[in-house]
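Reader: Please show me this structure. I would like to know what lies behind the words used for it.

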Amino acid sequence: MNIPLELFYSRLGTIAIILVLGYILGKAKLIDTKANRYLVNLLLTVFMPASLFVAFPSEFNKETSDLFFKGLAAGIIVMLALIAASRLIFNKKFYKGELRFESQFALIFNNATFLGYPIISSVFGAQGIVPYCGFIIAFNIALFSYGVYLFERKITAKLFYGIIKNPNIIAVILGMALFLSGLKLPGFIMDAAQFTGNATTALSIICIGFMLSHADFKKLIKKWRLTVTAAIQLIIGPVLTYFLLAFLNFPDEVIIVCTIIQTLPTATSLGLFAAKYGGNDIESSELVAISTLLSLITMPAMVWLLLIR
């Protein structure tokens with residue numbers, strides 16, 4: 001699978017325009033924090049699951065099935081590798097700041113959901129979305145287990161319950177089950193899911209633009225530690241993913257999709273998790289903002305260095 005450069009950069013431009021729209025809506029107070037929270041909740045529980053459910057082709061074929069399971073395997077490997085890297089880089093001896101666990105979270109979990117889906121789907125279509133669906137299962141399992149553990153520092157029944165009830169994981173499993181079994185739902189049901197899922201791209205990017213509208217960029221520039229953490233995440237993630245999956249001889253489709261996902265900024269859920277589980281939610285949100293801004297430079301650079309050059 002080759003990267004259509006013109007289309008790829010065109011899509012980045014499209015995303016930038018929608019990002020600016022979200023920023024303007026936030027500055028104009030047409031969206032407030034409460035409305036954004038509702039939008040994020042709808043995205044994670046309705047729109048994103050609908051888009052993942054209809055991502056699989058209507059007709060079964062072995063090539064698509066293999067791509068899905070290889071995407072899942074790659075996701076498991078990448079998540080484990082990033083967890084190990086985060087513990088090595090942001091450890092007690094070398095990283096004594098309050099944001100040690102928040103920084104570990106930032107390195108492991110990026111914006112694979114809100115930004116990953118629109119970029120992969122718009123550039124590569126079904127060929128990219130199938131391995132993405134496999135990857136996102138591993139990502140969400142890690143996010144709602146190890147991601148929560150990083151803040152609570154204990155294993156509870158809630159961790160396992162959170163995985164089982166996650167709408168995105170349920171949607172991918174149901175979509176895969178229909179694909180493998182050959183069963184087909186009535187057209188009007190699939191159309192409804194398709195129309196609902198189509199809202200994912202614009203809404204997710206608008207939410208990120210809103211978040212940036214509340215960032216104090218003058219103060220952020222002075223917080224060098226957050227900038228260094230964001231830079232580590234944006235460089236280590238794609239480099240580690242690319243060379244690890246290439247060494248293990250994964251298909252080009254899987255390597256390209258997973259590497260592009262790792263060029264994305266850290267997950268917006270970092271601030272939400274920090275607020276919910278007692279972390280530093282203010283600096284966590286600032287870290288997300290810095291990572292998002294830096295990714296505008298690092299993302300095309302890493303794609304060019306690793307996948308094109």
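This is a predicted model: local features need pLDDT of at least 70, side-chain atom pairs count only at pLDDT 80 or more; totals for chains, interfaces and linings use all residues.

Reader: What makes up the secondary structure of the chain?

Author: There are 16 helices and 0 strands. Helices (H or I, at least four residues) and strands (E, at least two) are DSSP runs, numbered from the N terminus.

Reader: Why is the chain called as compact as a globular protein of that length?

Author: Its radius of gyration, taken over C-alpha atoms, is set against the globule rule: 2.2 Å times the number of residues to the power 0.38. For 309 residues the rule gives 19 Å, and the chain has 18 Å, which is close, so the chain is as compact as a globular protein of that length. The C-alpha trace spans about 55 × 45 × 45 Å along its principal axes.

Reader: Why is I208 called buried?

Author: Buried means under 20% relative accessible area, exposed over 50%, and partly exposed in between (1.4 Å probe, protein chains only). I208 has 1%, so I208 is buried. This residue is in helix 11 (residues 200–213). Across the chain, buried residues make up 51% of the 309 residues.

Reader: Which residues are in contact with I208, leaving aside its neighbours within four places in sequence?

Author: Contact means heavy atoms within 4.5 Å. The partners of I208 are L19, N111, F114, L115, T268 and T292.

Reader: Is N111 buried or exposed?

Author: N111 has a relative accessible area of 2%, so N111 is buried. Its place is in the loop between helix 4 (100–108) and helix 5 (116–124). Beyond its neighbours within four places in sequence, N111 has contacts that include I208, L264 and P265.

Reader: What makes K62 and D66 a salt bridge?

Author: A salt bridge is a side-chain nitrogen of Lys or Arg within 4 Å of a carboxyl oxygen of Asp or Glu. In K62 and D66 the closest N and O atoms are 2.9 Å apart, and the pair forms a salt bridge. By this rule the count comes to 1 salt bridge. The two residues are 4 apart in helix 3 (residues 62–89), so about one helical turn separates them. K62 has 57% relative accessibility, so K62 counts as exposed. D66 has 29%, so D66 counts as partly exposed.

Reader: How many aromatic pairs are there?

Author: Rings of Phe, Tyr and Trp (its six-membered ring) pair if their centres lie within 6.5 Å; planes under 30 degrees apart count as stacked, over 60 as edge-to-face and the rest as tilted. The count comes to 7 aromatic pairs. For Y242 and F243 the ring centres are 5.1 Å apart and the planes are at 85°, so the pair is edge-to-face. Ring pairs also link F105, F109, F135 and F139 into a cluster.

Reader: Why does Y242 count as partly exposed?

Author: Its relative accessibility is 22%, so Y242 falls in the partly exposed class. Y9, in helix 1 (residues 5–27), is also partly exposed, with a relative accessible area of 36%.

Definitions and conventions
Residues are numbered from 1 along each chain as its sequence is written. Side-chain values use heavy atoms; hydrogens and water are left out.
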